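Reader: Can we go through this one together? I'd like to start with the charged pairs.

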Amino acid sequence: MSAPADAEPTESDRRRWARYLVEERAEGLVYQKLADRRSGEEQQILQSLADAERRHEQHWLGLLGGEPARLPSAGVRSRMLGWMAGHFGWIFVLVLAQSAEARSPYDTELYATPAMRADEKIHYEVVRGLAARGRRRLSGSFRAAVFGANDGLVSNLALVLGIGATGVAPSFVLFSGIAGLFAGALSMGAGEFVSVRSQRELLASTEANESAAQSAGDLDIDENELALVYRARGMDQEEALVRSRRIIGAAQEGVRRSATGPIHAHAPSSDHELVGSDWTAAASSFLLFASGAIVPVLPWIFGLQGITAILVALLLVGVALLATGAAVGILSGGPPLRRALRQLAIGFGAAAITYALGLVFGVGAV
């Protein structure tokens with residue numbers, strides 16, 4: 001699909017080209033900012049996307065006969081992405097850019113070249129691939145962050161509402177909320193510490209022991225007991241035999257074993273790096289839970305009480321739940337509103353149950 005060669009562009013055409021021009025510039029700026037913050041292959045891919053947007057920009061400049069005296073402003077989405085590319089994580093921006101690339105106006109544009117239409121479709125797949133790579137990298141830590149903060153929000157909201165519904169003094173509600181914050185945060189931190197420490201100890205117990213290699217020079221190369229070590233680590237019989245004979249032969253010749261590489265099949269250090277630090281994991285869990293658990297207590301900290309404090313707590317926690325739910329939706333590629341409402345319903349549902357229990361077992365009206 002292309003415009004007739006002798007077609008005379010209208011003023012409407014020129015306005016549309018100008019709008020395409022500013023949008024291509026805005027999108028190119030997003031990819032350029034993201035490329036400047038990355039390195040290696042990801043930087044190269046993002047830089048190529050930025051270069052492609054500049055080629056599209058030059059196409060519209062050519063049709064317009066140069067830089068127009070006046071240009072429209074880029075759309076709100078493009079300007080928002082441009083700002084976010086310099087201030088937010090690159091994965092979050094790519095997820096939003098992915099949805100933008102999915103809607104190309106060039107499919108029905110007579111003055112766009114076939115190459116430009118193809119570029120836009122390829123850009124969508126490239127951005128989707130980068131976003132998926134980022135999601136995989138982020139999934140573990142993001143899951144922990146959302147789980148920790150939401151656990152603090154919901155559990156402490158349920159606690160203060162349940163206590164508040166019994167009609168006790170506001171100071172008791174405040175104390176209960178602070179106690180719940182520290183109890184939950186310490187429990188989360190301790191649990192994470194034990195979990196990560198146990199993983200590291202388990203990895204340490206399965207690491208290769210170098211003592212077998214120290215006796216390699218004295219082994220019988222034909223009987224080859226060293227092969228049993230490799231078979232115990234998962235190698236098949238033939239591969240274990242070849243590898244162990246090479247090690248024994250080098251040892252008997254007085255060659256340093258390091259010249260042939262380590263005898264263990266896998267580098268254990270990478271597993272330890274993947275698991276991470278037990279103290280770091282514990283501190284992160286403590287802070288994430290506490291950051292959520294402090295929100296429901298804020299009304300009582302600032303002196304509110306009774307139904308006013310409860311309504312303000314519900315408002316604050318509701319906003320926080322909607323925000324985290326929407327963030328989960330955006331990063332997972334799902335509908336943000338649905339995820340936000342789901343998060344809100346779960347949190348408020350738990351709080352409603354404990355509030356009802358507080359009313360049942362209460363000592364007076366709130």
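This is a predicted model: local features need pLDDT of at least 70, side-chain atom pairs count only at pLDDT 80 or more; totals for chains, interfaces and linings use all residues.

Reader: Which residue does Arg16 pair with?

Author: Arg16 pairs with Asp13 through their side chains, at 2.9 Å from N to O. The two are about one helical turn apart, because they sit three residues from each other in helix α1 (residues 11-36).

Reader: Buried or exposed?

Author: Both Arg16 and Asp13 are buried.

Reader: What about Glu67?

Author: Glu67 forms a salt bridge with Arg25, with 2.5 Å between the closest N and O atoms. That pair links distant parts of the chain: Glu67 is in the loop between α2 (40-64) and α3, Arg25 is in helix α1, and 42 residues separate them. Glu67 is partly exposed at 46% relative accessible area, and Arg25 is partly exposed at 29%.

Reader: And Glu42, which partner?

Author: Arg38, with 2.8 Å from N to O. Glu42 is buried at 7%, while Arg38 counts as partly exposed at 22%.

Reader: Which residues are joined into one network?

Author: Asp13, Arg16 and Glu109, through salt bridges that share partners.

Reader: Switching topic. Where is Gly82, and what is it in contact with?

Author: Gly82 lies in helix α3 (residues 76-87). Beyond its neighbours within four places in sequence, Gly82 is in contact with Val30 and Lys33. The C-alpha atoms of Gly82 and Val30 are 4.9 Å apart, across 52 residues of sequence.

Reader: Why does Gly82 count as buried?

Author: Because its relative accessibility is 8%, and buried means under 20%.

Reader: Last one: which residues make the nonpolar surface patch?

Author: Ile353, Leu357, Val360 and Phe361, over about 460 Å². Leu357 lies in helix α13 (residues 336-360) and is partly exposed at 45%.

Definitions and conventions:
Residues are numbered from 1 along each chain as its sequence is written. Side-chain values use heavy atoms; hydrogens and water are left out. Patches are made of residues with over 30% relative accessible area and no salt bridge: like charges are joined within 9 Å, nonpolar side chains (Val, Leu, Ile, Met, Phe, Trp, Tyr) within 5 Å. Accessible areas come from the Shrake-Rupley method with a 1.4 Å probe; for residues, only the protein chains shown count as cover. A salt bridge is a side-chain nitrogen of Lys or Arg within 4 Å of a carboxyl oxygen of Asp or Glu. Helices (H or I, at least four residues) and strands (E, at least two) are DSSP runs, numbered from the N terminus. Buried means under 20% relative accessible area, exposed over 50%, partly exposed in between (1.4 Å probe, protein chains only). Contact means heavy atoms within 4.5 Å.
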